[in-house]
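Hi,

Here is the structure for you to look over. My notes on its helix packing and its pocket follow.

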Amino acid sequence: MIGKIAAGAFVVAASMAAGLSGASALTLYCSADEVWCQQMARDFEAETGITVDMTRKSAGETYAQVRAEASNPKGDIWWAGTGDPHLQAADEGLSEPYVSPMRSELHDWALRQAEAAGDRTIGVYSGALGFGYNKDLLAKNNLPEPKCWADLIKPEYKGQIQVANPNSSGTAYTLLATMIQLMGEDEGFEYLKALHKNINQYTKSGSAPIKAAGLGETTIGIVFMHDAVAQTVSGFPIVTVAPCEGTGYEIGSMSIIKGARNMDDAKKFYDWALTAAVQSRAKDAKSYQVPSNKNAETSDKAPDLSSIKLIDYDFKKYGSSDERKRLLQKWDDEVFSLPQ
């Protein structure tokens, strides 16, 4: 009996030792919608046999985590989320330079993102900022249809709007940077102060406001337009709006984390995520961004960027560490601190 116990203990110990000596799971930090994040993790596992531990957080939260873990990195690769926090991470040396063999298949805007970051990040999709509204709630409250940014600061929309907090959300930071580029810094902040009066909640996640609108918890959600489209496709009474004045856009990005414990597997994921086949599956997760691979299939439900009045968004400037910190501090001091 003792011999059997000892033999069993040896087997367990040997198994544990084998596990410790083998490669650990690839740790993926994901800043897209939860469904898409899960799809990416499980598909990569199925196609490569590499185990993936995935954590989903908004882009701003993920940047903060990567920065906090810089001296002892826990993550290997950060996929998706708006490009500005990825650029800030690159600016601070928190991500690893990598030139993928897939680059020849990518749109110019994805490559420009890489060039701006010294190859420490790259574009994986693009999407325009806008808003969506619940048409049933709008009718119930006898509110006019908003068509422009200027409409959202009208007093009749008081308490009717949600947007994320730009400290945690890349979507909301894109709104902040967009208003400055559209109007100038002084007027842009005056706009955000006026908008603040109409906000009923600042959420953590950038897509949360339109999900709340779909459920009837708020009338209007300021989000990337593809997130509003996803709610409509899911059967919710959401109307998507491209603001009449023009709008900013995101280049959703991907970065290998500096000091990644599974560098080879991180590079495999990076190359895999840039393929046309993988990017064409976004629609399966009801994600309607424009993919960065020129050969990927774009859903016919995705907003047509060529028909939207887009500003010449300065990703390098507004993704820089110093500018981003300055603007977020100014937003905290001059907007978020105000009574509503």
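Contact here means heavy atoms within 4.5 Å. Helices (H or I, at least four residues) are DSSP runs, numbered from the N terminus. This is a predicted model: local features need pLDDT of at least 70, side-chain atom pairs count only at pLDDT 80 or more, and totals for chains, interfaces and linings use all residues. Residues are numbered from 1 along each chain as its sequence is written, and side-chain values use heavy atoms, with hydrogens and water left out.

H8 and H14

From H8, Glu185, Phe189, Leu192, Lys193 and His196 meet Arg326, Leu327, Lys330, Trp331, Glu334, Val335 and Phe336 of H14. By class, that contact has six nonpolar, one polar and five charged residues. (Ala, Val, Leu, Ile, Met, Phe, Trp, Tyr, Cys and Pro count as nonpolar, Asp, Glu, Lys and Arg as charged, and the others, Gly among them, as polar.) H8 spans residues 185-196 and H14 residues 321-336; they pack at about 45°, axes 10 Å apart. (Axes are lines fitted to C-alpha atoms over the stretch in contact, and angles run from 0 to 180 degrees between N-to-C directions.) That makes H8 oblique to H14. (Under 35 degrees counts as roughly parallel, over 145 as roughly antiparallel, 65 to 115 as roughly perpendicular and the rest as oblique.)

H3 and H4

H3 (residues 59-68) packs on H4 (residues 83-91) at about 15°, with axes 8 Å apart. H3 is therefore roughly parallel to H4. Ala59, Gly60 and Tyr63 of H3 meet Pro85, Gln88 and Ala89 of H4. This contact has four nonpolar, two polar and no charged residues.

H2 and H11

H2 and H11 (residues 263-273) pack at about 110°, axes 11 Å apart. They are therefore roughly perpendicular. Met40, Asp43, Phe44 and Glu47 of H2 meet Asp265, Lys268, Phe269, Trp272 and Ala273 of H11. Five of these residues are nonpolar, none polar and four charged.

The largest pocket

It holds about 410 Å³ of space. (On a 1 Å grid over the protein atoms alone, a pocket is an open set of points where a 1.4 Å probe fits, with protein on both sides within 12 Å along at least five of seven lines; lining residues have an atom within 4 Å of a point.) Of its 31 lining residues, the closest to the centre are Ala32, Asp33, Ser207, Asp227 and Gln289. H10 gives the largest share of the lining, four residues. The lining has ten nonpolar, 15 polar and six charged residues.

Best wishes

Note on methods:
Points joined across faces, edges and corners; volume = space filled by probe spheres on them. Helix = DSSP H or I, 4+ residues; strand = E, 2+ residues; numbered from the N terminus.
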